[in-house]
Every structure is written in C-alpha cells, then in structure tokens.
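This report goes through one structure, part by part. Please keep the sequence and the 3D view open while reading.

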Amino acid sequence: MRAIPYQFVVNEVAKMCQEANFELGNDVIDAFQDALKNETSPIGQNILQDLIENANIASSERIPMCQDTGGSVFIVELGQECHIEGGSIYDAINEGVIKGYEEGYLRHSIVDNPLTRTKSKTYNSPAIIHIEMRPGSECTIHMSAKGGGSENMSALKMMKPSDGIEGVKAFILDTVKNAGPNACPPLVVGIGIGGNFERCAYLAKKSLFRPIGHRSQHQELAELELELMAKMNLLGIGPQGMGGSTTALDVKIEIEPCHIAALPVAINLNCHASRHKEINL
Amino acid sequence: MEPKKLTIPMEHQALTLLRAGERVLLSGTIYTARDAAHKRMSESIEKGEALPFSINHQFIYYVGPTPPGPGRIIGSAGPTTSGRMDKYTPSLLERGLKGMIGKGYRNQEVKDSIVKNQAVYLAAIGGTGALISRTIQSMEVIAYEDLGPEAIYKLTVKDFPATVIIDSTGEDWYEIGKTIFNG
C-alpha cells in the first residue's frame with residue numbers, strides 16, 4: 001500500500017487553488033484568440049481582448065482573474081492501493097482549500113446554511129469533493145474554481161424517452177439562451193446525459209474538467225458537441241451577452257446508461273473563466 | 001468608436017443622452033453593494049430608517065471584491081449578476097439612485113423603474129476583476145463592515161470601463177445586440 005502524507009496533500013491543494021485563480025489555462029487563452037479571429041461584433045471583439053488582457057494581469061500580478069474565486073470542486077482519482085497517511089483525504093482537501101484561499105487573498109464565498117445565509121466559519125470551505133476509485137496506486141486530484149453566476153444558470157431535466165435527441169438539443173439550446181449574459185459568456189457548456197437524477201448532474205460537471213477542444217471519444221457525441229456549439233454561436237448572444245458570434249467556447253458531453261423510463265439531462269454552464277488544475281501526487 | 005468619458009455622479013442631461021450599447025469610461029465615486037447589503041438597505045427602508053449613505057444621484061456597483069493583497073487598494077473587483085438585486089432595486093431608484101453597474105438581465109419592474117426615475121443600467125465585463133481593479137483608486141468601508149466583501153464600500157474610480165445596457169428611455173442592449181447577431 002502506497003502512503004501519501006496528509007500535509008503533502010494539504011500543501012498541493014492549497015497551491016492548486018491559487019494557481020487556478022491566477023493562471024488561466026492555455027486552452028482557454030487559445031480559445032479567446034481563436035474567437036477573436038472570428039467574432040464579428042465590435043463590442044464582442046473588445047470584450048475578448050479585455051479577457052486576454054485580464055488573464056495577463058492576473059498572471060503577472062498574482063491577483064485573481066475574477067472576484068468570484070469560486071466554490072472549489074474536486075474530482076479525485078484515487079488508486080485503491082494508495083492511502084492518505086495521517087488523516088482523511090476529505091479533511092486534507094478542505095484544509096488545503098482553507099490555506100490556499102486565505103493565504104492567496106482569494107474570496108471566502110461559502111455560507112454554512114443556504115437558508116439563513118450565515119457565513120461558513122472555515123474560509124471558503126467545505127469544498128465539493130468527488131472520489132472515484134481506480135485500480136493501482138496513483139492519486140490524481142482535479143480541481144475547479146467554479147463561479148456562482150454560471151452555476152446559477154445551469155439546469156437539469158428528467159426528459160421523456162420520446163423527447164429523443166431533438167428534445168435534448170432543444171433543452172440544451174434553451175438553457176444557453178435563457179442564461180444569456182448572466183452566465184458570463186463565452187461559455188463552456190457541460191452536458192450529462194443518462195445515469196439518473198444526481199448522476200447526470202455529476203456527468204455534466206465532470207465534462208467541464210476536460211480541456212477546451214478535447215472532443216468526446218465517441219464519434220457521434222463528438223459530432224453532437226460540434227453541432228451544438230455551432231448552433232449556440234448562431235443565437236446572437238455573444239461575449240457577455242452583448243451580441244456577437246462567440247457564445248460558446250466549447251461543448252462537452254458525457255453519457256451513461258440509464259433506466260428504460262428515463263432520459264435525464266443536465267447542463268452545467270461554465271463562464272469563460274474556466275479554471276481547472278490537476279495534479280498527480 | 002472610442003468610449004465616452006463621464007464623471008459620476010453625473011448631470012441629469014448627460015445621463016439622458018446615454019444610449020444602450022454605448023461604451024463609457026466612468027470617473028468619480030461609486031458605492032458597492034450586493035445581495036446582503038441590499039437586503040439590509042431594504043430592511044432599513046421598511047422600518048423607515050435612513051440608508052447608510054445618501055443614495056440620491058449616486059451609482060451602485062454590484063461587486064464583492066477579493067481581499068486586497070499586500071500593497072493593494074482592492075483585490076479582484078468585477079461585476080456580479082444584477083438580477084439578484086432586482087427585488088430591491090425599484091425602491092432604491094425611487095429614492096434617487098441614478099445608476100447601477102453589474103452584469104446580466106434586469107426584470108421588467110426594474111426596467112420600468114429605470115425609465116420612470118430617469119436612471120441607467122450599465123454592465124462591466126464579468127470575469128475581468130483584475131483589469132477593473134486597476135481603475136479603482138481608493139476604497140473605504142462605509143457600512144455593514146461585518147459583511148466582509150459584501151459590505152458597502154465607497155470607491156473612487158478613474159476610467160472604469162462599462163457599457164450602457166438599459167438607457168433612460170428603456171432601450172435594452174441585451175435585446176438589441178442579440179437581434180443584430182442572431183443567425
């Protein structure tokens with residue numbers, strides 16, 4: 001059994017939280033540059049230029065690219081022959097979030113109770129942590145700093161099998177249309193189809209961890225991703241909803257088997273600040 | 001077209017000349033407030049108490065900045081989604097608020113109140129908090145300090161970039177922009 005020291009996990013997670021907020025991934029910056037070549041709206045072009053400049057300032061000055069430094073979401077691929085020595089992996093990740101956010105001057109955006117709205121006593125935690133067991137002794141942690149504005153415009157629908165693929169497409173496009181400027185386009189659109197009620201939401205979230213430009217391994221889904229992206233970019237919403245041809249930077253679909261009565265579909269929107277980091281411990 | 005430079009608070013006439021879709025650079029004083037501060041201001045209004053600052057002619061910026069790092073005036077400070085403030089906005093416009101800066105849709109009640117009270121709604125670019133922080137020259141907490149990033153701060157800004165979304169005639173750039181580029 002391989003052992004990873006608790007404090008090592010804490011420190012690595014703290015670093016990831018800060019890097020995610022200061023250093024926008026090259027996949028996103030490249031997507032901005034590509035969009036700039038095709039965007040027809042002058043306001044849209046200005047916005048894309050500002051997004052690139054903003055990312056540069058964040059990186060060089062070590063200041064968060066967005067004041068919403070996110071709720072932290074983790075997907076951990078944990079080998080069954082690997083364990084955390086000195087404490088639970090959940091505690092280690094949460095401690096890393098507290099350390100990373102507090103020491104990095106990131107924002108504490110978590111309330112303990114969604115109804116009373118009292119602020120959490122631990123800085124920007126608890127995080128949302130998903131663990132997927134794997135064979136072997138590797139441990140890979142994927143982290144996302146997920147903004148609240150785009151999360152709020154996400155949607156889930158238990159559709160009827162008879163709605164079919166056309167019904168699913170219409171629901172996805174409607175969700176992007178309704179989100180308009182609120183979700184901070186250009187968006188990365190994560191879609192989960194199948195599983196059940198909670199599983200499709202997880203699949204949608206998980207799809208957002210794939211880098212921009214990374215297509216589904218299933219040929220028909222890869223084509224559907226591109227078809228949906230093209231349709232989104234004809235909606236006219238554009239950067240920040242101010243009009244234009246860049247509404248989506250990418251579309252991701254994850255699919256799983258489901259019940260004969262079901263067609264669960266979840267759409268998790270990500271703003272243009274698609275902040276993801278991963279580390280193999 | 002180069003953005004129009006404006007000082008805030010602004011004269012009534014300058015405000016009524018603003019048109020949906022116009023880019024502006026704002027200099028002067030703005031007050032921050034988001035969900036929790038709006039809730040408290042609304043409770044004050046219900047109780048007949050005074051608001052924590054004189055809202056007449058002022059602009060509110062919907063922002064909850066990150067804490068300033070060492071040597072900084074403010075942290076990252078981009079706009080948050082305005083729609084969450086819709087419930088509280090008409091009563092502030094009735095009391096003389098002239099401008100809101102945020103991002104995203106407003107409801108019909110807010111739009112009607114903007115026209116009735118001759119105000120304006122502007123959007124800053126969501127997710128450019130690092131860029132925007134450079135236009136903020138001072139920051140002073142003036143109310144609800146216990147709310148941390150959600151407290152009311154008085155900001156002095158220079159050339160703060162924004163776009164007019166809903167002008168005083170009720171035109172909405174989100175609707176117009178979408179129509180121009182649809183299909």
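Which residue is the bridge partner of Val76(A) in β5(A)? The partner is Ile141(A). The model discussed here is predicted.

Strands of a sheet can pair in either sense, parallel or antiparallel, through backbone hydrogen bonds.

## Ile110 of chain A

The loop between α4 and β4 of chain A contains Ile110(A). This residue has 19 C-beta neighbours inside 10 Å; a buried residue would need 20 or more, so Ile110(A) counts as partly exposed.

Apart from neighbours within four places in sequence, Ile110(A) has contacts with Gly71(A), Ser120(A), Asn124(A) and Ser125(A). Arg62(A) lies 48 residues away along the chain, and its C-alpha atom is 22 Å from that of Ile110(A).

## The sheet β6-β9-β7-β8 of chain A

An open sheet in chain A consists of 4 strands in the order β6-β9-β7-β8, with mixed pairing. The edges are held by β6 (155-159) and β8 (248-258) of chain A; each has a single partner strand, so one side of each has no neighbour in the sheet. From one strand to the next the twist averages 15 degrees. Within this sheet, strand β7 (residues 187-195) of chain A pairs with β8(A) in the parallel sense, over 9 bridges. Val189(A) has Val251(A) of β8(A) opposite.

Two helices are placed against these strands. Helix α7 (residues 197-207) of chain A lies across β6, β7, β8 and β9 (263-270) of chain A and runs at about 145 degrees to β7(A). Helix α8 (residues 219-232) of chain A packs on the sheet and touches β7 and β8 of chain A, with its direction at about 140 degrees to that of β8(A).

## Two helix pairs in chain A

How do the axes of α1(A) and α4(A) cross, and at roughly what angle? Helix α1 (residues 6-22) of chain A and helix α4 (residues 89-103) of chain A have axes that come within 7 Å and cross at roughly 45 degrees. That angle makes α1(A) oblique to α4(A), and the crossing is right-handed. Residues in the contact include Val9(A), Val13(A) and Cys17(A) from α1(A), and Ile89(A), Ile93(A) and Val97(A) from α4(A). By class, the residues of this contact are 11 nonpolar, 3 polar and 5 charged.

The second pair consists of helix α2 (residues 26-38) of chain A and helix α3 (residues 42-61) of chain A, whose axes come within 10 Å and cross at roughly 155 degrees. Angles over 145 degrees count as roughly antiparallel, and α2(A) and α3(A) are therefore roughly antiparallel to each other. Their crossing is left-handed. On the α2(A) side the contact is made by Ile29(A), Phe32(A), Ala35(A) and Leu36(A); on the α3(A) side it is made by Gln45(A), Leu48(A), Gln49(A), Leu51(A), Ile52(A) and Ala55(A). These residues divide into 8 nonpolar, 2 polar and no charged.

## Met242 of chain A

Is Met242(A) buried or exposed? Met242(A) has 27 other C-beta atoms within 10 Å, so it is buried. Its place in the chain is the loop between α8 and β8 of chain A. Pro181(A) is 61 residues away along the chain, with 7.3 Å between the two C-alpha atoms.

Leaving out neighbours within four places in sequence, Met242(A) is in contact with residues of both chains: Ile43(A), Gly44(A) and Ile47(A), together with Thr163(B), Trp173(B) and Gly177(B).

## Where chain B touches chain A

Across the interface, 38 residues of chain B are in contact with 42 residues of chain A. On the chain B side, the elements that give two or more residues are α5 (129-133) and α6 (173-181) of chain B. Helix α6(B) provides the largest share, 7 residues. The chain B side is made up of 15 nonpolar, 21 polar and 2 charged residues.

Note on methods. Residues are numbered from 1 along each chain as its sequence is written. Chains are lettered from A and ligands numbered from 1 in the order in which they are written. This is a predicted model: local features need pLDDT of at least 70, side-chain atom pairs count only at pLDDT 80 or more; totals for chains, interfaces and linings use all residues. Two residues are in contact if their C-beta atoms, placed from the backbone, lie within 7 Å. Ala, Val, Leu, Ile, Met, Phe, Trp, Tyr, Cys and Pro count as nonpolar, Asp, Glu, Lys and Arg as charged, and the others, Gly among them, as polar. Two strands pair if DSSP finds at least two bridges between them. Axes are lines fitted to C-alpha atoms, for helices over the stretch in contact, and angles run from 0 to 180 degrees between N-to-C directions. A residue is buried if 20 or more other C-beta atoms lie within 10 Å of its own, exposed if 12 or fewer, and partly exposed in between; C-beta atoms are placed from the backbone. Angles under 35 degrees count as roughly parallel, over 145 as roughly antiparallel, 65 to 115 as roughly perpendicular and the rest as oblique. A crossing is left-handed if the near helix is turned anticlockwise from the far one by less than a right angle, and right-handed if clockwise.
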